[in-house]
Amino acid sequence: MGIYLNPTNQNFYEAVNKEIYVDKSLLIERIEHLKEKVNKYLCISRPRRFGKSTDANMLVAYYSKGCDSSQIFNRLKISQTELYQKHLNQHNVIHLNMQDFLSKTHDIDKMLILLTKLIFRDIKKVYQNIEYFDINDLIQVLEDVYAEVNERFIFVIDEWDCIFREYKNNKEAQSQYLDFLRNLLKDKPYVELAYMTGILPIKKYGTHSALNMFKEISILNPTPLEEFMGFTEKEVEDLCLKYDMDYEKMKDWYDGYRMTDDLSVYNHRSVVYALMDRKYENYWSATETYEALRVYIDMNYDGLKDDVVKLLAGEEVYLNTDKFQNDMTTFKSKDDVLTLLIHLGYLGYNSSDQTCYIPNKEVTSSFVASIEDSSWNETTKALLNSRALLEATWNKEEELVAKYIEEAHLDTAILTYNNENALSYTISIAYIYARNHYTIIREMPSGKGYADMVFIPKDDKPAMIVELKWDQEVETAIDQIKAKKYYFGLEKYRDNLLIVGISYDKKTKKHSCKIEKAIHDN
C-alpha cells in the first residue's frame, strides 16, 4: 500500500463507523456502468457539505489494491450486486486531494513538482524493476508502467478546482494546471477511470476547454447520479424516525435542492449536525462560502438586488446559466453571479423552467445574515423590522403594521412598485421573520377564490389570511375575505385566526392596514 497509489481504506472506514452513516454504496454500481458503457471520465461538482469527499473515499476503499475492504462493504448495499466481488480491491488507484498539495506549496509549479515526486515514490515501491525514462515526468512514468506491465490506473481526484477558488485571478496558474490535467488524463491508455470532484464544473475557461472529455454531473445537471447528490427525502425521513426528530422541521430547514421534478435532496452536513445536536439551526455561518455570499451580494450587478429581494420573498427568478465561465471572477451579468450561487449551494435550480430559488430556511437565514453585514443598508432595516412587524400584527396594531410595511417598501426599493404583485414582494420581505413560525402560501385556493397570502402556523401562533389591494380602500380587502369565505379549509384555527387587509394608495403613496379576528359562519 502507499499514500497516493493504492492507499488504505482508513478514511472511509471512519466514515462508515460514525454514529450516522447513510449507505450510498450503490454509487459504485452506477459508476461502473458509466465507466464501461458511457464515459470513463467523470467530474462530479456539488456544493460543500454534500458528501463529495466521502464518496471519493468510498471509491478508493472499494477499488484500491492496497487494502482488504470486505468487512466494510459486506454490510453495504453494493454487496448485493453481481459486480461486487469482481472489482473489490482489484484495481490500481491513485488518490489525490489537490487542496492538500496546494496547501503545502502555495505555488502551482511547486505543487506539481511535489505531486510528481510523491506519486513516483509510491510507484517505484510497487514497480521496482522498470527502467524509468524520466522520473520527473509523471506522465512518462505512468506510460512506462503501462508499457512494461500493461496495468491501468483509476484516478480519484478530490477538490480538483481548488486552484480556481484560491487563485481566482491567476489565469496563468489556472491554465498551467488545466494543461497538466489534460496531459495527464486525456486519451491516455493507462487511465481506467478518472473521477474528479469539486464545487465548480470544468466545461469552459476560455481556450482551455480541453477537459471536455469529462461527463459533467453538477447541481445544474445532476443526471444520472441525482440520487447520490445529497440525502434523499426518504433517507432523511428514516433518520428522523430513528433519532426521534421532527421530519417536517428538518425538511423546512434543509430540504429543497431539486434534482428532478420528482427528487429533492438535503445537504449531508446540516442534517447530521441537526440530528447530533438535536436542534435546527444554520450550520453554514462559519464556512468560506458564507463569506463568499456576502461578497457576491455586495457586487450588486444591475438588477441583482431586485432579484435577491424577489428570492427572499419566496419567488423564483429566471436566469441564463449558459454564459457562466465556471470560475469565480468572470462576471458579466447578474445571471453569472446567480449561477455561481447555485454551484455554491445558496440557490436551488429548476431545470424545467430555468429558474433559481432559495431552497430552505437555513439558506434564507444565510442570505439575511449576509445582507445585514453588507452594504445594503436600507434592505437590512426592512429585515430587522420584520420581527416587530409580526408582533404588531398579532397585537392588531394596525397603524404600526402600516408603518413597518411603508418602511419595507421604501427600504427594499422595488423598482416596479406599481401593482399588487410588486406589493406582494414587499409584504413577503416585511414578513420574512414570520417563516420561523409559519408556512406561507401564496394564492391559496380557498372558499370562492384564491387568498393572496395564507400563514399556516407551525406552533401556537394565530393563523392569518392576508389580502392585498392596490389603490383601493383597505376595507375592500377585509370584505373580500369574508364574502369569498377564504377561511374555508382553516376551520381548525377558527378560534385563533386573523384576517388582515393591506392596501396601497398610489396617489398618497401610503399603506393602510386593517386587522380583525375571524368569525366563521356556522
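These legends accompany close-up views of the pockets, the cavity and the cysteines in a predicted model. Residues are numbered from 1 along each chain as its sequence is written, and side-chain values use heavy atoms, with hydrogens and water left out. Because the model is predicted, local features need pLDDT of at least 70 and side-chain atom pairs count only at pLDDT 80 or more, while totals for chains, interfaces and linings use all residues.

**View 1. The largest pocket holds about 1,400 Å³ of space.** Here a pocket is an open set of points on a 1 Å grid over the protein atoms alone, with protein on both sides within 12 Å along at least five of seven lines, and a lining residue has an atom within 4 Å of a point. Grid points are joined across faces, edges and corners, and the volume is the space filled by probe spheres set on the points. Look for Asp 252, Lys 361, Arg 435, Tyr 438 and Lys 458, which lie nearest the centre among the 46 lining residues. Helices H12 (247-254), H17 (361-372) and H18 (377-394) and strands E12 (438-446) and E13 (449-457) each give two or more residues to this lining. Helices (H or I, at least four residues) and strands (E, at least two) are DSSP runs, numbered from the N terminus. The lining has 18 nonpolar, 11 polar and 17 charged residues. In this count Ala, Val, Leu, Ile, Met, Phe, Trp, Tyr, Cys and Pro are nonpolar, Asp, Glu, Lys and Arg are charged, and the others, Gly among them, are polar.

**View 2. The second largest pocket holds about 800 Å³.** Its lining is made of 29 residues, with Ala 15, Gly 51, Ser 53, Thr 54 and His 268 nearest the centre. Two or more lining residues come from each of H1 (10-16), H3 (52-63), E2 (92-97) and H13 (268-277). H3 gives the most, with 6 residues. By class, 11 lining residues are nonpolar, 8 polar and 10 charged.

**View 3. The largest cavity has a volume of about 40 Å³.** A cavity is a set of points where a 1.4 Å probe fits but cannot get out. Around this one you will find Leu 27, Ile 44, Arg 46, Asp 55, Tyr 195, Leu 225, Phe 228 and Met 229. Of the lining residues, 6 are nonpolar and 2 charged, with no polar ones.

**View 4. The model has 0 disulfides, a disulfide being a pair of cysteine sulfur atoms within 2.5 Å.** For Cys 162, the nearest cysteine sulfur is that of Cys 43, 13 Å away. Cys 162 counts as buried because its relative accessibility is 0%. Cys 513, at 9%, is buried too. Buried means under 20% relative accessible area, exposed over 50%, and partly exposed in between (1.4 Å probe, protein chains only).
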